Amino acid sequence: PLSLPLSFPRAPAHPNREGEMFMLPAHVPHSPQRFADTVGIVIERARDETELDVLRWYCDDCRHVVHQATLHCTDLGTQLKPVIEGYYASEEQRTCPNCGKVDQPPAKAE
């Protein structure tokens, strides 16, 4: 299995402009994000029954791992939301074990 450090440097942004494609190598921690009024497509390969995905949150201050959740993902659309909601619902999960900073939930969309 892939072993990553408990702290991770801030990843550089990789903006995709209209007509561009970016292929991320396997086992690279990433955080795909889109801005308002944009469209993106993510193509995932089928995973076999032994493969696990990891959702990992890092502290904004010290870059230490705050929390991680591991799951066998068969449907990103249904499986990620409860894991993410569970993280933001728990102050314990959102508290950095290294420096004590508490990650704040994102602002609610109006």
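Trainee: What should I know about the model before reading values from it?

Mentor: The model is predicted, so local features need pLDDT of at least 70 and side-chain atom pairs count only at pLDDT 80 or more, while totals for chains, interfaces and linings use all residues. Residues are numbered from 1 along each chain as its sequence is written, and side-chain values use heavy atoms, with hydrogens and water left out.

Trainee: Which elements does the chain have, and in what order do they run?

Mentor: Helices (H or I, at least four residues) and strands (E, at least two) are DSSP runs numbered from the N terminus. The chain has one helix and two strands, and from the N terminus the elements run β-β-α.

Trainee: How many of the residues are buried, as a percentage?

Mentor: Buried means under 20% relative accessible area, exposed over 50%, and partly exposed in between, with a 1.4 Å probe and protein chains only. Of the 110 residues in the chain, 16% are buried.

Trainee: How many salt bridges does the structure hold?

Mentor: In general, side chains of opposite charge can pair when their charged atoms come close. The cut-off for a salt bridge is a side-chain nitrogen of Lys or Arg within 4 Å of a carboxyl oxygen of Asp or Glu. The structure holds four. One of them joins Arg47 and Asp53, with the closest N and O atoms 2.6 Å apart; Arg47 is partly exposed at 23% relative accessible area. Another pairs Arg63 with Asp60 at 4.0 Å, N to O. In that pair Arg63 counts as buried at 17%, whereas Asp60 is partly exposed at 43%.

Trainee: Which salt bridge involves Lys81?

Mentor: Lys81 meets Glu85 at 3.8 Å, N to O. The general idea is that an α-helix has 3.6 residues a turn, so residues three or four places apart point the same way. Lys81 and Glu85 are four residues apart in helix H1 (residues 76-89), which means that about one helical turn separates them. Lys81 is exposed, with a relative accessible area of 53%, and Glu85 is partly exposed at 47%.

Trainee: Which side chain reaches a backbone nitrogen at the start of H1?

Mentor: That is a polar contact, a pair of N or O atoms within 3.5 Å; within protein, one must be able to donate a hydrogen and the other to accept it, and residues adjacent in sequence count only if both atoms are side-chain atoms. Here a side-chain oxygen of Asp75 comes within 3.0 Å of the backbone nitrogen of Gly77.

Trainee: Which residues make up the largest nonpolar core?

Mentor: A nonpolar core is a set of buried Ala, Val, Leu, Ile, Met, Phe, Trp, Tyr and Cys residues joined through side-chain atoms within 4.5 Å. The largest has eight residues: Leu55, Trp57, Cys59, Val66, Leu71, Cys73, Tyr87 and Cys96. Strands S1 (53-58) and S2 (65-71) each supply at least two residues of this core. Contact means heavy atoms within 4.5 Å; leaving aside neighbours within four places in sequence, Cys96 is in contact with Cys59, Cys62, His64, Val66 and Lys101.

Trainee: Where does Asp37 lie, and what is its phi?

Mentor: Most residues other than glycine have a negative phi. Asp37, in the segment before S1, has a positive phi of about 60 degrees and is exposed at 83%. Arg63, in the loop between S1 and S2, has a positive phi of about 65 degrees.
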